[in-house]
Amino acid sequence: MNIKGNLPLLILRVLAGAPRHGYGIAREIEHGSEGVLAVADGTLYPMLHDLARQGLIEAFEETVNGRLRRCYRLTNAGQRELARQTREWQRYTRAVNLIVGGIS
């Protein structure tokens, strides 16, 4: 399923739970959607860089099992943007459900 347009919201939501590295973000999206949503590396990493440039997330390095990994965490601005995008998503899905649910 194509999730590119909704990817910023999904990344912000995943990072609201805890900081993660890119692979962990992708797996959480896939696992949390029961395998319906998958994120390709070629889509995920440019989006992470874009969100960092916007100041919504920040990157930091962490050693995991002796390996240095780049991890990401939500910033205060990212928390505000997550709340805004969540409200927008809920409004959008409600509108679609009104139409889809009303068709017989």
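I began with Arg73 and Glu58, whose side chains meet in a salt bridge at 2.7 Å, N to O. I count a salt bridge when a side-chain nitrogen of Lys or Arg is within 4 Å of a carboxyl oxygen of Asp or Glu. Arg73 sits in strand β3 and Glu58 in strand β2 (residues 57-64), so this pair ties together parts that are 15 residues apart in sequence. Helices (H or I, at least four residues) and strands (E, at least two) are DSSP runs, numbered from the N terminus.

A note on the source: this is a predicted model, in which local features need pLDDT of at least 70, side-chain atom pairs count only at pLDDT 80 or more, and totals for chains, interfaces and linings use all residues. Residues are numbered from 1 along each chain as its sequence is written, and side-chain values use heavy atoms, with hydrogens and water left out.

I checked exposure next. Buried means under 20% relative accessible area, exposed over 50%, and partly exposed in between (1.4 Å probe, protein chains only). Arg73 is partly exposed at 32% relative accessibility. Glu58 is partly exposed at 35%.

I searched the whole structure and found seven salt bridges. One of them pairs Glu61 with Arg70, with the closest N and O atoms 4.0 Å apart. Glu61 counts as exposed at 51% relative accessibility. Arg70 counts as partly exposed at 45%.

I then looked at helix α4 (residues 76-102). Arg84 forms a salt bridge with Glu88, the closest N and O atoms being 2.8 Å apart. The two are four residues apart in α4, so about one helical turn separates them. Arg84 is partly exposed, with a relative accessible area of 36%. Salt bridges with shared partners join Glu81, Arg84 and Glu88 into one network.

I turned to helix α2 (residues 22-32), where Gly22, Gly24, Ile25, Ala26 and Ile29 are buried. What do the buried residues of α2 pack against? They pack against α1 (7-17), β1 (20-21), α3 (41-53) and β3 (67-74). Contact here means heavy atoms within 4.5 Å. After α2 comes Glu34, with a positive phi near 55°.

Last, I checked confidence. pLDDT is the predictor's confidence in each residue, from 0 to 100. The protein chain averages 92, and 93% of the residues score at least 70. Among the chain's elements, α4 has the lowest mean pLDDT (92) and α1 the highest (97). Where pLDDT is low, the predicted coordinates should not be read in detail.
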